Amino acid sequence: MRIAFVGQKGIPATFGGVEKHVEELATRLSKRGHEVTVYSQSHYTKVSGSYKGVRVVRVPTLKQKNLEMITYTFLSLVHLLFSHRKADIVHFQSVDPAILMGLAKLKAKVVVTSHGQAYQRSGKWGKLAKAFSKLAERIFIHFPDKRIAVSKILKNYYESKYHREVVYIPNGVNIPAINSSKEIEKFNLMRDGYILYVGRLIPTKGCHLLIDAYKSINTNKKLVIVGGSSYSNKYIKKLKESVAGNSNIYFLGYQYGKVLQELFANCSLFVLPSEYEGLPVTLLEAMSFAKPVIFSNIPENLGIAEGCGVSFINKNKEDLATKILFLLKNQKISKDLGKRAIERVVRDYNWDTVVAQTENVYQSLIAIRKYN
């Protein structure tokens, strides 16, 4: 089977849950004998050609918030249409790029995966961009050959509102095997010496709330914030201004590979204070390291970690501070939650299962094409 992925920033994945999802899916499908192509934004990756058995095509992209996605998607599909390599399946990652799926349907069956609703991210998008995203959602519902959602919350929302079938296939997570802290010593960090946040620094991720909660408690643990801008430089500037003079709050920017693994592996606890999510990959990653997790009580987070972590009232600084202190003071409970967390990941977010389910979606469409 020949599969082309469009809509992600690219691979190899550096930052971004969608990109990590695509890298795992594409490379594993390649190992299963499929011919896989991943289109990548030119400024995201320097890799072109072959990567772990996957063909990577770098596409020129306008690095501008409102034009980046649409120009990259359009040029990817133009390349696909005129390429000598045929595609059986074009798999769009995210709803918004799929607004151009009509071009892909000229050549192949189309699958679209929803990783969330971009128009919910109030801190990032203006009115025109939100209108565009809502239009893309309607196209996602009515025109692809198959629709996938990465969370049960999204699946239930789409099916109840639009009365169209949506397949639930979550993200997967690798179970890490790491027990070192050498890489993070350069940041003056020690094992079990800090509270961790990992993700983009945009308002709806709630880093400002975490910083305010942290400043209100008395602890010798540092606060480590890993992540960077997603067209949100003004917000990041405000975050850094709010911690001026506080030497216990670290901004490390985006981190990857072994450094990021060590940051997860050695933290005391992980906090995800987001106001909105699709399927929070960083929360799953923290759980895969058997770490106690604290998260806002939005349905998307509860659907993943309820019963194996501690939730706080969304946007409530005082409740977040109380929950942080609770876990720091109750190590036995923290350890037990970490054990439950990794058990949950192994049971429900296994990559082999995710790839097999996705492959079944593709094969059902190829069978229909052959029959017709």
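Which residues in α11 meet Gln331, Ile333, Ser334 and Leu337 in α12? To find out, look at the predicted model above and go to helix α11, residues 317-329, and helix α12, residues 331-348. On the α11 side, the residues in this contact are Phe326, Leu327, Leu328 and Lys329. Sorted by class, the residues of the contact are 5 nonpolar, 2 polar and 1 charged. The axes of α11 and α12 lie 5 Å apart, at an angle of about 95°. Angles of 65 to 115 degrees count as roughly perpendicular, and therefore α11 and α12 are described as roughly perpendicular to each other.

Let's move on to another pair of helices. Helix α4 covers residues 127-142 and helix α5 covers residues 152-162; their axes come within 12 Å and cross at roughly 80°. That makes α4 roughly perpendicular to α5. Here Glu137, Arg138, Phe140 and Ile141 from α4 meet Tyr157, Tyr158, Lys161 and Tyr162 from α5. This contact has 5 nonpolar residues, 3 charged ones and no polar ones.

Strand β7, residues 146-149, pairs in the parallel sense with strand β8, residues 167-168, over 2 bridges. On its pairing with strand β6, residues 109-114, β7 is again parallel, this time over 4 bridges. Find Ala149 in the structure: Ala149 is the bridge partner of Ser114, and in β8 the bridge partner of Ala149 is Tyr168.

Now follow the chain to strand β10, residues 222-226. Is this strand enclosed or open to the outside? In β10, 5 of the 5 residues are buried, so the strand is largely enclosed by the rest of the structure. You can check both faces: Lys222, Val224 and Val226 are buried on one side, and Leu223 and Ile225 are buried on the other.

What are the partners of β10? One is strand β9, residues 194-198, which runs parallel to β10 and is joined to it by 5 bridges. In this pairing, Ile195 stands opposite Leu223. Another is strand β11, residues 249-253, paired with β10 in the parallel sense over 4 bridges, with Val224 opposite Tyr250.

Helices link these strands too. Together, β9, helix α6 (residues 207-215) and β10 make a right-handed β-α-β unit. From β10 the chain crosses through helix α7, residues 233-242, to β11, and this crossover is right-handed as well.

Key: Residues are numbered from 1 along each chain as its sequence is written. This is a predicted model: local features need pLDDT of at least 70, side-chain atom pairs count only at pLDDT 80 or more; totals for chains, interfaces and linings use all residues. Side-chain values use heavy atoms; hydrogens and water are left out. Axes are lines fitted to C-alpha atoms, for helices over the stretch in contact, and angles run from 0 to 180 degrees between N-to-C directions. Angles under 35 degrees count as roughly parallel, over 145 as roughly antiparallel, 65 to 115 as roughly perpendicular and the rest as oblique. Contact means heavy atoms within 4.5 Å. Ala, Val, Leu, Ile, Met, Phe, Trp, Tyr, Cys and Pro count as nonpolar, Asp, Glu, Lys and Arg as charged, and the others, Gly among them, as polar. Two strands pair if DSSP finds at least two bridges between them. Buried means under 20% relative accessible area, exposed over 50%, partly exposed in between (1.4 Å probe, protein chains only). A crossover is right-handed if, with the strands pointing away from the viewer, the path from the first strand over the helix to the second runs clockwise.
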